[in-house]
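Hello,

Here is the structure I promised to pass on. Please have a look at it first; my notes follow below.

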Amino acid sequence: MFKKLQRFWQAVRRLSGDDAYEQYLLNFLQHQSEHNEAQEPLSREEFFKQWQDKKWKGVKRCC
Amino acid sequence: MNKNLKIILWLLVALLGAAAISAIALNRGESISAIWFIAAAACVYAIAYRFYAAWIAASVLGVDETRATPAERLDNGRDFVPTNKWIVFGHHFAAIAGPGPLVGPTLAAQFGYLPGTLWILIGAVLGGAVQDMVTLFFSTRRNARSLGQMARDEIGPIGGTAALIGTFLIMIILIAVLGLVVVNAMKHSPWATSTVAATIPIAMLIGFYMRNFRPGRVLEASALGVILLLLAVVGGGWIDHQPALRVFFDHEGLTLAWVIIGYGFAAAVMPVWLLLAPRDYLSTFVKLGTVTLLAIAIITLQPHVHMPAITQFTDGTGPIFGGKLFPFVFITIACGAISGFHALIASGTTPKLLSNERDIRMIGYGAMLLESFVAIMAMIAATVLEPGVFFAINSPAGVVGKEAVDAIAKINSWGFAVTVEQMSQLAKDMGESTLFARTGGAPSLAVGMASIFGSAFGKGMLALWYHFAIMFEAIFILTTLDAGTRVGRFMLQDMLGNIWPKIGRTSWMPSVIFTSALVVTGWGYFLYIGVIDPNGGVNILWPLFGIANQMLAAIALCVGTGILVKSGRLKYAWITALPLAWLVIVTTSAAWLKVFSEDVRVGFLAAANDLSAKLATGSLPPEKALVAPHLIFNQQLDVYLTMFFVVVLWVVIFDTLRLIIRYLLGKATLPLTEVAHEPSRLVEDWVRD
C-alpha cells in the first residue's frame, strides 16, 4: 500500500514537473562522460528558468 | 483469460452499449437517466479502443515496439525525454482538453440531446481519435516533426503553408470566442468578475513563489494556489454583499471586453514565469479535479436529463445559433468529436516524450476518447436543466427580447415551460442578479454543474458551486487566451522575420510589443464585434471557429491519407479518408450556408444586406443604428474569411489528390521522410516503470 502511494506520488511529481530538475541532474550525470570538458550542471533556479521558457515556445494548450 | 469467456464478455459489452444507445435514441418520455449516456459512451469507447484502435495500430500503421522512438534516439534530458506512458498520457490529455469540449456540446444542446451525443461518440471513435493517433504515429516516425513540417515534406509547400495560416487564423477566432464566453459570464456579475480578477494576482504570486522563493517547487506552489483560488470564490461572494465594493466589479459587457483585450496584451508581453506558467498549473489541477468530481457526481447521483431528444430547432430557427441540424451540429461540436487543433499537439510536442511506439494507441486514441467523455459530461450538465431554463439562460436578448417578461413569453411560445419567478429564484439561488441572455455556454453549464453538485453536497452552497464553476471555466479560458496569443505572436514573428529578419528575433522587445499588439488587435476586433452584436456574437463566432478547426482537421487527415497511400497502404487509406470526406462535406456546406443562405441568422451576406436595408429606411432604433455600420462591415469580413477557409481546404485536398494520383500512376512524388529503423535499446523495466 505504502509502495503504491509512493509510486502515485512519484507520478504526480513527474507529471507536474516538480521533479524536472532531479531528472535533469540524473540525465546530466549519465551523459557526463560524453562531454569533453568538465561542465557544471545548471543550478536549480537557472534550470527552471530555461525549462519554463522552452515549454511555452510552441502550441502547448488547445481549445 | 479463457478465450470463450473473453468473447462472451465483449458480446455483453456490445449488447449493453446497443441497449444504452437505443434507450437514449428512442426515449420520448419526460426525462431519461444520465447513466444511459455514461453506459453508451463507456461501451462505445471500450469496443472502439479494443478492436478498431488495436487493428489500426497493428495492421494499418504497423506499430513496432522494437523500434527506437525520437525520445530515445535524441534524448537530451530537456525536450526529448523517454517518459512513462501514463505520464505522457497525462501531458497529452492536459494539452488537448481545453474549454472547447465544454462549450460546444452546451451550445449544440439547442437541437436536443441526441444529435450532439451521437456525433460526439461517432465522431470521436471514427474521426478525432483516429486523427490524433495517426498524426502521433507519423510524427513519431519523423523525429517529432510538426504538422506543418510534415505537410510540407510529404504533400508539398502548399499544404505546409495552408497548415501554418490555418493555425494562425484559428487561434485568432478561438481566442475571440472564448473571450466572449468569459465576458458573457462576467457581465453585471460582481461575484464572478471579482473571482476571475482575483485569479490574476494569485497566479502572479505563485509565479514569484516558483521562480524566486522556492524555485521549481511546482506542487507546493500549486497547492497554495488552489487554496487561494477557493478562497477567491468565497471572497467574491463577500464582495457581492458589500455595496461599496461590488460597484467596482459590476460592468457592462463592452467594458469587460476592453479589460480582457488589455489583459491579453499585457499577458502576451509579460514573461511566461510570471503569469502564464503558474496559471497553467492552477488551471490544470482545477480542471482535472473538477472533471473527476463531475464524473463521480454524475455516476453516483444519476441526474435526469430533461431536454427532449430532438427539439424543433433542427429546422434552423434555434435561438443560440441559426442553422439546421446538418451541417451545423457537426461544426458546433468540434472538440469532443474531432478537432484539428489536437494534431498540433500530437505532432511536435507529444512524440518527443514517447518511449515506445506501442503506447501510441493509448496516448493518441485513448486521450481523445477521454476528451470525448468530457464532452458527454458537458452535454449531460447542460441538459439536466429544464429546457425552458436552458433557453432562458442561453438565448441572446436580440432573439427573445431584453425584458424578462418578453423572453419568458417567447420561450413559452416555443413550448418550453418556464416562469419569470422561476428564473429570478434560480438567479437568487446562484447569487446572481439575472441569468437571462448569458449566451456562450459557461453559465448554463455552471448552473447545471451547480445543481448536480448541489444535490450531492447540499443545496445551501449552490451559489458557491455556481461561481466555482464559472471560475473553473474562466481560469483555463484565460490560459488558452494567453498561450494562444503567445503562439500567435511567435508565428507572426516567424512569418514577418522572412521579410525583416530583426523582427523574427523573439526576444527583441519592440518586435514583441508590435507583434503582440497585432495578434491582440486581431482577436480583440472579433471580441468587440461579438459583444456589440445584439444577436450575441456566439451566433457568428462559434460557427467560424468550428469551420476553421475542422479545416485544420481536414489538413491533418490529408497528411495522414497521403502518407498512407505513399507508403503502399492504399487499401487502408479509408481510415483517414472517410472522416476526411465527411469533414469536407460538412465544412463546405456549412461555409456555403454561412455565406449564401437567405436566412439572416445564418447567411453573412443576407444579414449584411438586411441590416443595410433597415439602416437606409431608418427602421432601426438609435442604439442599433449606431453599431449597424460596424456589424455590416464585420459580416462582409466574415464572408471573406469563410471563403478563405474553404479555398485553403480545397487547395490542400486537390494537392493531396494530385499526390495520390501521381503515386498511383507510378510518377515521381516527394519521397517518404520516415527516419530509418533503429532498434530500441531501452531496457524494459528501466524506462517503463
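**Confidence**

Chain B has a mean pLDDT of 92, with 99% of its residues at 70 or more. Bear in mind that this is a predicted model. Its scores are ipTM 0.88 and pTM 0.94.

The pLDDT is below 50 over residues 685–689 of chain B. Beyond near neighbours in sequence, that stretch has five contacts in the model.

**Where the chains meet**

On chain A, 26 residues are in contact with 39 residues of chain B. Three helices of chain A each supply at least two residues to the side that touches chain B: α1 (2–16), α2 (20–30) and α3 (44–55). The largest share comes from α3(A), with six residues. What classes of residue make up this side of chain A? There are 11 nonpolar, 10 charged and five polar residues.

**Nonpolar cores**

The largest nonpolar core has 233 residues. Which of them touch the most other members? They are B:Ile173, B:Val177, B:Leu541 and B:Ile555.

Best wishes

Definitions and conventions: Residues numbered from 1 in each chain as written. Chains lettered and ligands numbered in written order. Predicted model: local features only at pLDDT ≥ 70, side-chain atom pairs only at ≥ 80, totals over all residues. Contact = placed C-beta atoms within 7 Å. Helix = DSSP H or I, 4+ residues; strand = E, 2+ residues; numbered from the N terminus. Nonpolar A, V, L, I, M, F, W, Y, C, P; charged D, E, K, R; others polar. pLDDT = per-residue confidence, 0-100. Core = buried A, V, L, I, M, F, W, Y, C linked by C-beta atoms within 7 Å. Buried ≥ 20, exposed ≤ 12 C-beta atoms within 10 Å, placed from the backbone.
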